[in-house]
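Here's a quick briefing to read with the structure open beside you. Have a look at the model first, then work through the notes by topic.

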Amino acid sequence: MATRISRDNFLAGGIFIALGGFFALESLNYELGSPIRMGPGYMPLVLGSVLAALGVAIVIAGLRKPEEHTNEPPSWRAIGLIAVAIIFFGVCIRGLGFIPTVFITALLTASASSRSTLLGAGIIATALTLLSTLVFVFGLRLQVPMLGPWLPF
Amino acid sequence: MDLIASLGLGFSVALDPMNILYCFIGVLLGTLVGCLPGIGPTATIAMLLPITFSLSPVGALIMLAGIYYGAQYGGSTTAILINLPGESSAAVTAIDGYQMARQGRAGPALAAAALGSFFAGSVATLLLAFFAPPLARAALSFGAPEYFALIVLGLLVSIALAHGSILKALAMIVLGLLLGMVGQDIYTGQPRFTFGFRELFSGLNFVSVAVGVFGVAEILRNLENEKTRELLVKKVTNLWPTGEDFRRIVGPVLRGTGLGSALGVLPGGGHILSSFASYSAEKRLSKHPEQFGKGAIEGVAGPESANNAAAQTSFIPLLTLGIPAHPVMALMVGAFILQGITPGPNVINDQPALFWGIIASMWVGNLLLVVLNLPLIGLWVKLITIPYRMLFPAIVIFACIGTYSINLNVFDVYAIILFGILGYLLIRFGCEPAPLLLGFVLGPLLEEHFRRAMIISRGDATVFFTRPISATLLALALLAVVLAMLPAIRRRRDEVFVEED
């Protein structure tokens with residue numbers, strides 16, 4: 001079975017079915033209205049159902065058509081580190097302040113490359129912190145403290 | 001005709017020293033991101049959108065436009081020197097441009113690309129100035145059904161021009177439309193799909209979706225397999241083409257300009273399609289088709305002229321109808337809205353200085369680009385050698401800070417990684433991200449016009465087919481999908497796009 005179906009189509013179709021179904025079900029909680037006066041739920045219900053149907057069609061189109069090429073394996077290191085970096089930025093920007101948050105976010109991101117070293121990432125992070133402080137804090141006067149209230153000094 | 005007077009007004013705005021500076025910054029950044037593979041104009045403009053918030057509307061839009069057409073110039077440099085298109089529309093330039101570089105003729109190839117682009121950009125800007133006003137006047141008479149039909153046409157044509165599976169492209173559009181509906185309902189104010197998060201009431205942030213899908217997803221894709229770039233030419237000499245070269249490029253440049261100007265207006269990847277179309281046209285018309293692929297200068301001059309012409313004329317639907325033809329134009333809509341201006345047919349009358357200023361600035365920008373690209377080519381050659389592991393952290397950092405600075409809302413920052421991972425998965429499974437972003441921007445407009453049309457017609461859906469303009473537009477939309485599905489066209493479409501991979 002696994003070799004007789006396009007894995008890409010199966011997974012993409014699955015995502016579309018899940019998201020379409022989710023939007024369609026959720027829109028049932030809103031007033032549907034009538035074609036003359038559509039309520040907030042009308043269009044999302046229609047479009048969600050269409051998306052789920054397209055997802056089914058994509059899975060069917062992939063039957064008996066396995067891929068000829070294979071994707072490179074995903075870089076879990078990159079996905080994990082970049083996700084952590086961006087979430088860290090969101091959690092800490094107010095509390096830690098601009099400079100420490102940007103530095104640590106940049107350090108985490110720069111480590112996402114399989115070729116980076118700690119020293120290299122540190123240099124990139126320092127340069128980026130300097131540059132973005134100049135551009136955003138001094139240049140564009142972004143309303144964020146340079147060092148936040150979480151820090152003792 | 002008051003075209004001269006209008007252009008005069010435009011140049012008086014565009015030649016203001018501050019606006020020249022913004023234009024210069026725009027084309028400089030554009031050339032930069034065009035040169036650097038792995039970051040394109042879409043992600044750049046998305047990251048810089050928040051920064052332009054503090055500029056004047058004219059300055060902001062001149063700069064963002066400059067990034068877009070500047071990237072078309074920069075893309076050719078990378079394509080010629082390292083056989084890697086810096087920008088997707090430069091993919092065909094790499095075929096013959098790289099061969100020319102291997103034969104020691106990188107200079108003439110770069111010059112042909114820059115001069116062809118300059119000529120094409122100038123002509124297309126003039127066409128834009130000429131055709132935009134009457135189109136905007138016609139668009140003023142459009143009602144809700146016409147706008148609905150126009151948006152449907154735009155969305156469906158963008159599928160026909162995209163490559164890959166049509167079903168997947170359709171699904172990406174619908175997903176985009178649905179994501180665009182998150183937030184308060186326009187008519188009743190009821191919050192939809194917000195799950196009680198107050199931050200979602202005004203909808204998902206457009207910049208988060210754009211930098212997630214085009215910036216972060218692309219980075220994750222590039223980090224799967226890190227390659228080193230081989231720079232073929234360390235130093236470019238003999239820049240100026242010979243007389244023989246000039247004779248050979250006149251025809252391709254003229255034809256490329258024509259093709260690009262016409263195709264650029266179409267929704268979808270007009271500039272990408274036009275460079276492919278120009279390349280195959282030149283190959284077919286040439287007396288020496290066997291030279292193509294082995295360093296024919298025609299194969300560089302034609303496509304480069306075409307993609308630059310298309311970059312200019314793709315502003316026509318945006319400036320006259322308020323409908324973006326592709327993701328970069330969708331970001332321009334976002335820029336207009338951030339500045340408190342609704343893009344559409346009214347801009348030309350309400351903000352003549354802005355409208356004509358942008359158009360005139362494109363000519364100024366094209367001139368700046370020739371100066372930037374030819375004498376300073378050595379600088380760009382050095383830039384190409386910057387390793388990717390230094391670039392992508394900058395993209396992530398600027399994306400985070402930029403997105404946060406719009407509303408000082410951390411929710412928008414979390415949305416980046418959410419859409420980054422969703423976009424990465426979908427791209428891996430063979431779905432193009434561009435239709436999703438188009439759908440996201442057009443979703444609220446589509447819903448508004450559809451519901452308004454249904455209210456006006458008292459629930460009679462035939463209104464879309466009985467009004468002549470809307471019926472014609474919908475028929476064209478249907479035609480585009482049917483044509484794209486025909487087996488014969490499908491094969492050709494695959495052929496055209498297969499060279500891109």
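This is a predicted model: local features need pLDDT of at least 70, side-chain atom pairs count only at pLDDT 80 or more; totals for chains, interfaces and linings use all residues.

On the contact between the chains, 52 residues of chain B meet 58 residues of chain A. As for the largest nonpolar core, 224 residues belong to it.

**Where chain B touches chain A**

- Five helices of chain B, namely α8 (166-180), α9 (206-222), α18 (388-407), α19 (410-428) and α20 (434-456), each put at least two residues into the side that touches chain A.
- α18(B) gives the largest share of that side, with 10 residues.
- Sorted by class, the side of chain B that touches chain A comes out as 35 nonpolar, seven polar and 10 charged residues.

**The largest nonpolar core**

- Inside this core, the residues with the most contacts are A:Leu51, A:Ile82 and B:Val396.

**α1 and α2 of chain A**

- Helix α1 (residues 7-27) of chain A packs on helix α2 (residues 42-61) of chain A at about 160 degrees, and their axes are 7 Å apart.
- With that angle, α1(A) is therefore roughly antiparallel to α2(A).
- The crossing of α1(A) past α2(A) is left-handed.
- In the contact of α1(A) with α2(A) you'll find 17 nonpolar and nine polar residues, and no charged ones.

**α4 and α5 of chain B**

- Helix α4 (residues 57-82) of chain B and helix α5 (residues 91-102) of chain B cross at roughly 55 degrees, their axes coming within 6 Å.
- So α4(B) and α5(B) are oblique to each other.
- This pair, α4(B) and α5(B), has a right-handed crossing.
- On the α4(B) side the contact uses B:Ser76, B:Ala79, B:Ile80 and B:Leu81, while α5(B) brings B:Thr93, B:Ala94, B:Gly97, B:Tyr98, B:Met100 and B:Ala101.
- Those contact residues of α4(B) and α5(B) split into seven nonpolar and three polar, with no charged residues.

Terms used. Residues are numbered from 1 along each chain as its sequence is written. Chains are lettered from A and ligands numbered from 1 in the order in which they are written. Axes are lines fitted to C-alpha atoms, for helices over the stretch in contact, and angles run from 0 to 180 degrees between N-to-C directions. Helices (H or I, at least four residues) and strands (E, at least two) are DSSP runs, numbered from the N terminus. Angles under 35 degrees count as roughly parallel, over 145 as roughly antiparallel, 65 to 115 as roughly perpendicular and the rest as oblique. A crossing is left-handed if the near helix is turned anticlockwise from the far one by less than a right angle, and right-handed if clockwise. Two residues are in contact if their C-beta atoms, placed from the backbone, lie within 7 Å. Ala, Val, Leu, Ile, Met, Phe, Trp, Tyr, Cys and Pro count as nonpolar, Asp, Glu, Lys and Arg as charged, and the others, Gly among them, as polar. A nonpolar core is a set of buried Ala, Val, Leu, Ile, Met, Phe, Trp, Tyr and Cys residues joined through C-beta atoms within 7 Å. A residue is buried if 20 or more other C-beta atoms lie within 10 Å of its own, exposed if 12 or fewer, and partly exposed in between; C-beta atoms are placed from the backbone.
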